[in-house]
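I opened this notebook to keep track of what I looked up in one structure. The entries follow the order in which I went through it.

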Amino acid sequence: KKYNVAVVGATGAVGTKMIEMLEETSLPLNQVKLLASKRSAGKEVTFKGETLVIEELVPDSFAGVDLALFSAGGSISKQYAPEAVKRGAVVVDNTSHYRMDPEVPLVVPEVNPHALKRHKGIIANPNCSTIQMMVALEPIRQAYGLDRLIVSTYQAVSGAGIHAMEELKSQALAYIDGTPAEQLTAEILPSGGDKKHYPIAFNALPQIDVFAEADYTYEEWKMINETKKIMEDDSIKVVATCVRIPVLSGHSESIYIEVKEAGSDVSKIKELIANAPGAVLQDDPSQQLYPQALTSIDRKETFVGRIRQDIDIDKGYHMWVVSDNLLKGAAWNSVQIAETLHEMDLVRV
Ligand code: A2P
Ligand code: 11C
């Protein structure tokens, strides 16, 4: 069986990477269909040396499609994912729209591939900042249990899309050219959906997405709720502070965990990470070796370092976790879900 695959949002920051991941996938491919808005229809993209033309997304785009990867925003997924399923396609959705729907599996293949078995046509790809945290923490959870985690993020602008990347670049150039901070043009960040916009160049913005319950942002709630769903444990205490920084790609996270069981130590935690699927241990203070956003770009793995025991709490550990938010955080995790569906013979509605 060879699959017809559609990419929805093919011109975006994530969609572009989905195309790259499909060029290297082990998934047997027949046709690849690239979909975006009317604005992009007719644009050409090279795929494995061939020219593909972007088509306008309409419900009938999904006729004959086996697998559809969505990354064009929540409202597009809400409207078109059911259209794709109706036409027999399995949807891997990278937006937040379906993630907390109890009928929809929320999957990180290294953590809960078994959840794919109960899919009814739509599988949700978690938020980028959640995914890399799951890859790093799952081996520790399996060995010692997780009582609580406290995470602070340092997130790249590509998480907010291609236009946010352009916004950072133009502000940075303008600021270096002498434009004062209060005259920099900001139209997207911290959140396209909020009223006020602030410069991101040479700044740090403690707001990702809009504010929600108890003064946490949606991004923070995503990390809290998605962690419990993916790890299938509502008793894990999770809290997050999400911050945007002027980095183009590569989300970084400072994570504090407290494990449940006795018997852990730093060397055992390091060994767990070193052997964990999808994780790479980069931790040697004597060589100044630790994960960095820049060196994570275009890599599929999640990098973990700065692992230390807490000074006061026996079962407490700190670590620094970095991954390319457009790859493991989005495009690669989606294509990896598609590969896993194929391996489990689940590419059917
Ligand atoms: P387009 O380039 O035609 O606007 P990003 O997250 O990087 O901003 O990318 C968003 C993606 O979603 C782009 O590929 C964009 O296509 C696509 N998109 C936005 N609105 C629509 C729409 N109404 N129908 C289909 N695709 C859309
Ligand atoms: C960011 N994590 O970095 C967001 C992007 O729920 O899929 C992904 C938003 C989502 O801005």
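**Entry 1: ground rules.** I am working with a predicted model, in which local features need pLDDT of at least 70 and side-chain atom pairs count only at pLDDT 80 or more, whereas totals for chains, interfaces and linings use all residues. Residues are numbered from 1 along each chain as its sequence is written, and chains are lettered from A and ligands numbered from 1 in the order in which they are written.

**Entry 2: domains.** I looked up the domain assignment of the protein chain, whose bounds come from an automatic or database assignment, and found domain 1 (3-126 + 330-343) and domain 2 (130-325). Their centres, taken over C-alpha atoms, are separated by 25 Å. For the contact between them I counted two residues as in contact if their C-beta atoms, placed from the backbone, lie within 7 Å; on that basis 14 residues of domain 1 are in contact with 19 residues of domain 2. On the side of domain 1 that touches domain 2, the largest share, 3 residues, comes from helix 8 (residues 327-343), where helices (H or I, at least four residues) and strands (E, at least two) are DSSP runs numbered from the N terminus. That side of domain 1 has 8 nonpolar, 4 polar and 2 charged residues, with Ala, Val, Leu, Ile, Met, Phe, Trp, Tyr, Cys and Pro taken as nonpolar, Asp, Glu, Lys and Arg as charged, and the others, Gly among them, as polar.

**Entry 3: ligand 1.** Which residues come nearest to ligand 1? I took a residue as near a molecule if its C-beta atom, placed from the backbone, lies within 6 Å of it, and of the 17 residues around ligand 1 the nearest are Gly12, Ser37, Ser40, Ala72 and Gly161. Both domain 1 and domain 2 give at least three residues to this shell, and helix 1 (13-24) and helix 4 (162-176) each supply at least two. By class, I noted 7 nonpolar, 9 polar and 1 charged residues around ligand 1.

**Entry 4: strand 14 and its partners.** I treated two strands as paired if DSSP finds at least two bridges between them. Strand 11 (residues 251-259) pairs with strand 14 in the antiparallel sense over 8 bridges, and the bridge partner of Ile255 in strand 14 is Met319. Strand 13 also runs antiparallel to strand 14, joined to it by 6 bridges, with Val322 of strand 14 as the bridge partner of Phe303; strand 13 and strand 14 form a hairpin with 6 residues between them. I called a residue buried if 20 or more other C-beta atoms lie within 10 Å of its own, exposed if 12 or fewer, and partly exposed in between, with C-beta atoms placed from the backbone. By this count 6 of the 8 residues of strand 14 are buried, so strand 14 is largely enclosed by the rest of the structure.

**Entry 5: helix 6.** Which residues of helix 6 are buried? In helix 6 (residues 266-274) I found Ile269, Leu272 and Ile273. Seen down the helix axis, the buried residues fall within an arc of 95 degrees, so they line one face of helix 6; the arc is that of the directions from the helix axis to the C-beta atoms. They pack against helix 3 (128-144), strand 12 (279-281), strand 13 (302-309) and strand 14 (316-323).

Entry 6: Strand 7 (residues 90-93) runs parallel to strand 8, to which 3 bridges join it, and Val91 stands opposite Ile122 in strand 8.

**Entry 7: backbone details.** Leu189 and Pro190 are joined by a cis peptide bond with omega about 5 degrees, and Pro190 lies in the loop between helix 4 and helix 5. Asp215 is found in the loop between helix 4 and helix 5; its phi is positive, near 70 degrees, in a residue other than glycine, and with 7 C-beta neighbours inside 10 Å Asp215 counts as exposed. Arg306 lies in strand 13 and has a positive phi of about 50 degrees although it is not a glycine; with 16 C-beta neighbours inside 10 Å, Arg306 counts as partly exposed.
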